Amino acid sequence: MKQKEKYQIKKGNPEWMGAVVLANGVNFTVELPGGKETELLIYEKNGENPVLVISMIPELCTGDVGSVFVEGLSGKGCEYVYRTGGVTVKDPYALMISGERCVVVEEYGQAVVTNDQPWIPFENLVLYKLHIKGFTKQAKVRKKGTFQGVKEQIPYLKELGINGVEFMPIYEWNDSLRPVNMSVSYYPCPEPETVRKNYWGYAPVNYYFAPKSVYASTGKPVKECADMINAFHEAGIECIMEIYFPGGTVPTLAVDVLRYWKMNYGIDGFHLIGDGVPVEAIVRHPLFTRTKLFFDRVDEAWIYGNKEPVYRNIAEYNNDFMDCSRRLLKGDDSQISNFVYQSRKNPQKHGAVNYMANVNGFTMMDMVSYDRKHNEENGEENRDGMPANDVWNCGAEGPTRKASVRALRKKQLKNAFLYVLLAQGTPLIYQGDEWGNSQMGNNNAYASDNEIGWVNWKKNPYGEELLAFVKEAIAFRKAHPILHMNKEMRLTDYRAYGYPDLSYHDERAWYTQFESSNRFVGAMYCGKFVSMKEEEQDDFIYVAYNAYWEKQTFSLPKLPTGMKWQMAIYTDDQDKEFYPTGKPLLEQRKVEVAERSVMVLLGKKAEAEENQKTKVKLKAKARQNIESKRDAEAEQVAETKQDAEAEQIAETKQDAETEQISEAKQNAETGHNP
């Protein structure tokens with residue numbers, strides 16, 4: 001081989017998986033498929049023919065791991081693949097993929113990883129789930145469909161009130177949707193081109209260590225991905241990475257993936273899905289005790305036993321919340337009991353993530369616009385996707401011009417957002433739901449790398465108003481810590497405040513009907529339970545949920561002396577749903593809530609006292625005005641009387657003078673001289 005004079009081939013370090021650049025060469029290590037001859041092909045950048053072909057002979061192997069050190073090889077611009085059994089495959093530990101080859105990367109994630117990155121507790125987290133391309137492809141950004149495009153959208157998310165983002169897969173995956181035959185879990189065989197591609201990224205073949213190259217606008221996915229994560233951290237927003245591990249995933253590989261993204265990109269947490277998630281290996285690993293770990297199900301008894309976790313870093317995605325909330329929203333019976341349970345669900349040892357829509361199923365807009373799925377564009381004759389979605393179209397299937405239907409849909413969306421944002425636990429918003437984004441009834445857009453799967457940011461009848469509502473609802477949640485506690489409510493008065501931390505009511509205060517026919521409930525939170533310190537305590541909050549198609553009357557518990565119920569939010573008020581300074585209720589013992597509406601009341605002592613002070617001031621001013629008016633009237637009377645007396649004196653004087661003149665005239669005529 002001509003290259004023997006330039007390079008020295010030696011046995012490498014099998015503990016360093018992938019391609020590792022050292023001072024004097026590159027170390028290549030790969031897991032070998034059993035019984036098949038494997039070769040390493042090394043290319044110059046964009047080169048057609050390999051400059052080195054190295055056979056992984058037994059002398060270079062340790063068990064089923066082959067490792068070779070190529071001394072004298074520069075990592076800059078170097079590309080490589082493996083050939084096993086005559087088939088070309090990519091390295092599952094590759095840090096960067098370019099087309100059909102792996103690229104040797106001299107530096108890793110290049111992210112700014114510091115020890116003072118924000119740790120946001122689950123109860124204070126507001127999550128937003130997005131797809132890098134789908135979130136930005138039609139957004140008003142310069143670099144559409146890329147890491148940089150998402151970076152441009154950070155101010156939007158910040159203004160919305162988001163402090164945590166979850167990325168759908170951002171690593172390389174096999175785009176093909178055809179069944180893949182694999183010699184090992186990550187080695188695909190050749191297959192013909194297909195028109196439809198895997199858009200979401202939940203694939204059987206993944207290259208977990210390499211940021212997806214098509215998401216880079218400059219051809220530098222490693223740098224752009226790291227820059228995006230750094231920008232989120234600078235904005236005080238945590239980054240959660242969704243990773244799909246199919247069945248058969250080697251546990252060591254999964255642990256290595258998490259370790260790499262945490263240490264080299266500063267990822268704050270991982271949402272782990274798939275049948276191949278090695279839960280025990282991950283949750284018991286000491287490196288991840290302060291890393292957020294999300295699973296679709298959590299068995300805390302198995303994970304912790306009787307021990308308390310030092311850090312509450314594990315959470316589950318509460319799909320049950322979505323199911324029962326959607327059913328209640330559309331008016332199904334037998335939902336109140338489950339709804340109140342799911343709304344307060346907030347285990348002490350692990351978190352719960354609540355949502356009204358996620359990647360699977362209808363968007364929130366479609367949830368109130370369609371009765372059935374419309375997946376014809378998926379090419380499977382509408383047989384794919386979940387058949388049951390617990391949705392209601394509000395009276396018309398799909399887009400409509402009917403004002404009554406559109407008004408009801410708008411109110412139902414606002415109700416739904418309050419369902420999730422006023423519940424305990426961690427709320428999650430799926431991309432575009434706050435804007436009324438529709439997938440035109442498609443509830444399984446896994447292959448829709450088009451207008452169906454991209455968020456439509458164009459003006460729509462719901463967008464601006466709904467966005468403004470969601471912003472205020474998130475701000476309201478953040479302003480009231482009683483709505484997002486760090487442990488589950490006990491439904492008792494364990495501090496002797498005279499009220500339980502959470503209580504339920506309906507037509508009668510302190511009573512609740514959980515019968516199957518009931519579709520409304522009032523939940524009262526006692527804000528005193530936020531803290532033992534009075535200055536840190538919250539208000540009383542009463543949330544009236546009416547999912548019935550007729551108005552309902554709710555009885556209100558009596559507040560402590562000096563406090564009054566004030567309206568804070570009402571989704572039936574089309575002109576103004578939010579009342580930042582409160583709107584005092586004329587009737588303090590009961591309130592009427594319109595059909596399919598949510599009303600939120602605040603019991604505020606400070607405002608009640610201020611109102612009383614204002615009343616006192618107004619009364620004092622009124623008395624002062626009355627007294628001033630009386631004084632003015634008295635003064636006017638006195639002046640009038642004085643004028644009358646003066647006038648009388650003048651008249652008397654004038655009469656005397658007239659009489660005197662008359663008498664003098666008479667004397668003159670008679671010659672009489674007095």
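In what order do the eight strands close into a barrel? Hi everyone, let's start there. The order is β12-β13-β16-β17-β18-β19-β20-β21, with parallel pairing. Strands here are DSSP runs of E, at least two residues long, and helices are H or I runs of at least four, numbered from the N terminus. Two strands pair if DSSP finds at least two bridges between them.

A quick word on the source: this is a predicted model, where local features need pLDDT of at least 70 and side-chain atom pairs count only at pLDDT 80 or more, while totals for chains, interfaces and linings use all residues. Residues are numbered from 1 along each chain as its sequence is written, and side-chain values use heavy atoms, leaving out hydrogens and water.

Now, please find helix α8, residues 319-329. Its buried residues (under 20% relative accessible area, with a 1.4 Å probe and protein chains only) are F321, M322, C324, S325, R326, L328 and L329. Their cover includes α9 (336-344), β20 (351-354), α10 (364-367) and α11. After α8 comes G331, with a positive phi near 95°.

Finally, which residues of α11 meet α12? They are K410, L413, K414, F417, L418, V420 and L421, and contact means heavy atoms within 4.5 Å. On the α12 side we find E465, L466, F469, V470, A473, I474 and R477. Altogether, this contact has 10 nonpolar, no polar and four charged residues; Ala, Val, Leu, Ile, Met, Phe, Trp, Tyr, Cys and Pro count as nonpolar, Asp, Glu, Lys and Arg as charged, and the others, Gly among them, as polar.

Terms used
Buried means under 20% relative accessible area, exposed over 50%, partly exposed in between (1.4 Å probe, protein chains only).
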